[in-house]
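Reader: I am new to this structure. Please show me how to read it, step by step.

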Amino acid sequence: MRVFPRLRSLSRAVHQEQEQEHDEEEKNNVEQLSTSLTVWRKSLVMSCKGFTVIDSCGNLVYRVDNYIGRPNEVTLMDASGKSILTMFRRRRLGLLEEWFVYEGEVGNIRRRSKLSKPSKSPICCVRRHVNILHGNSNVLAYVFRGVSHSDKRCVAFTVEGSYANRTCKVLDECRRVVAEIKRKEANTKNVSFGIEIFQLVVHSGIDPAFAMALVLLLDQMFS
């Protein structure tokens, strides 16, 4: 009978160890599903402003070369220069600013005074959050399904944090973090990358190209 307490104690220790191993395994699985990209706020093309994005192996993944001033149209390309996503800006009354995101290259653009309106349907709309009297001041933007809606039930993603400090999170409908913008840490002491070179960590639940498109729109809205 005296051995039972020792067995119970041993059982608890084994159970705790198994729980720790399970937690570590889940953490490793999450890390394996995550993609870490380095974003450099500089174009590879001379005389152009843009972005260069490389993966953890140093390979070029995405690029933006048509980024001059505050354009009404921004195109995210792959390493070969093929258009992946095109973002088109529309200004509404007051401070409201929204961007429509399209797949591939936007063709058949119809000009109307100073505005352009692509003929194809957008996959989503990204609207800058304007906090005037109330609301969550930590929210930067909302991603709506399809065209713009005022109904919060149509929100697919919410972007929170501070883009100026390169500390942002993209949250899905269940408030799960699907992407993060972080300051890039240097391995060498007394070396700082500043805000021109930062890290984009993409978790499961969002496409890396779309996450990078959100980075471009945040740069347009808050730079």
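Reader: Leaving aside its neighbours within four places in sequence, which residues is V126 in contact with?

Author: Contact means heavy atoms within 4.5 Å. By that rule, and leaving aside neighbours within four places in sequence, V126 is in contact with E97, E98, W99, V101, A141, Y142, V143, L214, L217 and M221. Before we go on, note that this is a predicted model: local features need pLDDT of at least 70, side-chain atom pairs count only at pLDDT 80 or more, and totals for chains, interfaces and linings use all residues. Residues are numbered from 1 along each chain as its sequence is written, and side-chain values use heavy atoms, with hydrogens and water left out.

Reader: How many helices and strands does the protein have?

Author: Helices (H or I, at least four residues) and strands (E, at least two) are DSSP runs, numbered from the N terminus. Here there are two helices and 14 strands.

Reader: Which strands does β9 pair with?

Author: Two strands pair if DSSP finds at least two bridges between them. Strand β6 (residues 97–103) runs antiparallel to β9, and four bridges join them. V101 stands opposite C124 of β9. Strand β10 (residues 139–145) also pairs with β9 in the antiparallel sense, over five bridges. There, C125 has F144 as its bridge partner.

Reader: Is strand β9 mostly covered or uncovered?

Author: Buried means under 20% relative accessible area, exposed over 50%, and partly exposed in between (1.4 Å probe, protein chains only). Strand β9 (residues 124–128) is mostly covered, with four of its five residues buried. Across the protein, buried residues make up 38% of the 223 residues.

Reader: What is the largest nonpolar core made of?

Author: In soluble globular proteins, nonpolar side chains tend to be buried together. A nonpolar core is a set of buried Ala, Val, Leu, Ile, Met, Phe, Trp, Tyr and Cys residues joined through side-chain atoms within 4.5 Å. The largest one has 41 residues, and V126 is among those with the most contacts inside it, as are M87, Y163, L200, I206, F210 and M212. Helix α2 (residues 208–222) gives this core its largest share, eleven residues. A second, separate core has nine residues, including V106, C125, Y142 and F144.

Reader: Why is α2 described as largely enclosed?

Author: Count its buried residues. In α2, 13 of the 15 are buried, so the helix is largely enclosed by the rest of the structure.

Reader: How far does α2 reach from its first C-alpha to its last?

Author: The expected span of a helix is 1.5 Å times one less than its number of residues. With 15 residues, α2 reaches 21 Å, close to the 21 Å expected.

Reader: What does D207 reach at the start of α2?

Author: A side-chain oxygen of D207 comes to within 3.0 Å of the backbone nitrogen of A209.

Reader: Where does R41 lie, and what does its side chain touch?

Author: R41 lies in the loop between β1 (35–40) and β2 (51–54). It is partly exposed, with a relative accessible area of 27%. A polar contact is a pair of N or O atoms within 3.5 Å; within protein, one must be able to donate a hydrogen and the other to accept it, and residues adjacent in sequence count only if both atoms are side-chain atoms. The side chain of R41 makes such a contact with the side chain of D219, at 2.8 Å. R41 and E196 are 155 residues apart in sequence, yet 5.1 Å apart in space, C-alpha to C-alpha.

Reader: Is R166 buried or exposed?

Author: R166 is buried, at 3% relative accessibility. R166 lies in the loop between β11 (155–162) and β12 (167–171). Its phi is near 60 degrees, a positive value in a residue other than glycine.
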